[in-house]
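Hello,

Please find the structure below. My notes on what was found follow it.

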Number of protein chains: 2
Amino acid sequence: MYPSFRKYIDQYTGDTMTDDEFELVRRAFVPKKIRKKQYLLQEGDVCKYLSFIVKGAMRQYTVDEKGNEHIVRFGIENWWMADRESFELLTPTIYNIDAWEETEVLQVTLANLTELKERFPGMNKVTTALDKRGHIAAQKRITAAISLTAEEKYLDLFKTHPIFFQRFPQTMIASYLGISPETLSRIRKNNILK
Amino acid sequence: MYPSFRKYIDQYTGDTMTDDEFELVRRAFVPKKIRKKQYLLQEGDVCKYLSFIVKGAMRQYTVDEKGNEHIVRFGIENWWMADRESFELLTPTIYNIDAWEETEVLQVTLANLTELKERFPGMNKVTTALDKRGHIAAQKRITAAISLTAEEKYLDLFKTHPIFFQRFPQTMIASYLGISPETLSRIRKNNILK
DNA sequence: TTTTTCGCTTGATAAATATCAAGCGCATTT
DNA sequence: AAATGCGCTTGATATTTATCAAGCGAAAAA
């Protein structure tokens, strides 16, 4: 059951866990299926779960006063979804997370995650790596956001995460880049690269 | 020696360390003074140290092909400075870090930090909190960068980090916000708030 | 099958922001 | 004291990007 999840954890602990250890992990997480367009998290709620995507595609976004959506993060297989701030501090979130494809996640509460870490300390390495990588990725995205033009942002994303272009509509890519869909459409016309 | 540093660590471990423990910490870190405009890190170098700012003000930035500087992060007392990616992975950095005020830092190498964590496990909590908070802060900055107008970005920064306006020139604030100095000047004219 | 929805494109126009250039005041250097 | 450099402001103009509006085609729904 969930061999990709097991492999993922082993990869970040740098070790191979025993069947007993995996049983501890498996029991801490609860599987959940999310239909296309269904919410995993809504603005104002507290983010109760940290969710590992086994299959599917999701997005995390804010909605401004004009009703425009601004996508902060995409998530696909083997990515985690949550508002870390809300999850850790139990504060209401400003984000929405919903599914763009039929999605299957494994969810853990903060309490169960804490308990799991006590019984299986390797799990600490996983969340530490998660924060570290998240921090580095976020830093890169900030650099791009403040220093690149719309076209450069597009080329950068196309180079670093081409998979997004296969899994999400162009309108969402534009929102992720912080530019209008029309601008992205015009930029792509001038860049024959797919 | 360095009571603010000791207090800072206690705050993040949630405990009060013994004098022996602090002695371990103190020995792992090396103090260094950095003159105004002097580099702490230069593009192409590997970031060998994680630096805790005891006193002073610094900035981390990239320089594009046109020679324009884009400030990614400011740092003042009790903040850490480093390119985490370069520091952890030993890859060459794309950032510069230099001092805007006369600055005093405490520096630790990755090897010494790792050793310190073994002898004083509380230190793990400090770096974990650092990553967690860094991650959350970066996420907020991304949200602001992709969803706010220039004026809204200014108001947001003024609300969340008013101290930056007292420690750094307006030109640098503009660079941090990803807008031109002229635009920031005009925005401020229309916002009587300081 | 027919209808509707949705994502994408394109054109025309408007708005936001950058760029270029000059000048001012203050602090630092000579 | 004079000269220089630096940060800030302001005006004029250029460029980038957003907005508004329409239409097309394919997929999804009826």
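One definition to begin: a residue is near a molecule or strand if its C-beta atom, placed from the backbone, lies within 6 Å of it. This is a predicted model, in which local features need pLDDT of at least 70, side-chain atom pairs count only at pLDDT 80 or more, and totals for chains, interfaces and linings use all residues. Residues are numbered from 1 along each chain as its sequence is written, while chains are lettered from A and ligands numbered from 1 in the order in which they are written.

Now DNA strand D. It is surrounded by 16 residues, and the closest are A:Ala150, A:Ser180, A:Thr183, B:Gln170 and B:Ser185. Two or more residues each come from helix 6 (150-160) and helix 9 (181-189) of chain A, and from helix 8 (170-177) and helix 9 (181-189) of chain B. (Helices are DSSP runs of H or I, at least four residues; strands are runs of E, at least two; both are numbered from the N terminus.) Helix 9 of chain B gives the largest share, six residues.

Next, DNA strand C. Around it are 16 residues, of which A:Gln170, A:Ser185, B:Ala150, B:Ser180 and B:Thr183 come nearest. Here the largest share, six residues, is from helix 9 of chain A.

Last, the two protein chains. In chain A, 22 residues are in contact with 22 residues of chain B (contact: C-beta atoms, placed from the backbone, within 7 Å). Strand 5 (69-75), helix 3 (84-89) and helix 5 (122-147) of chain A each supply at least two residues of the side that touches chain B. Helix 5 of chain A gives the most, with 14 residues.

Best wishes

Technical notes
Contact = placed C-beta atoms within 7 Å.
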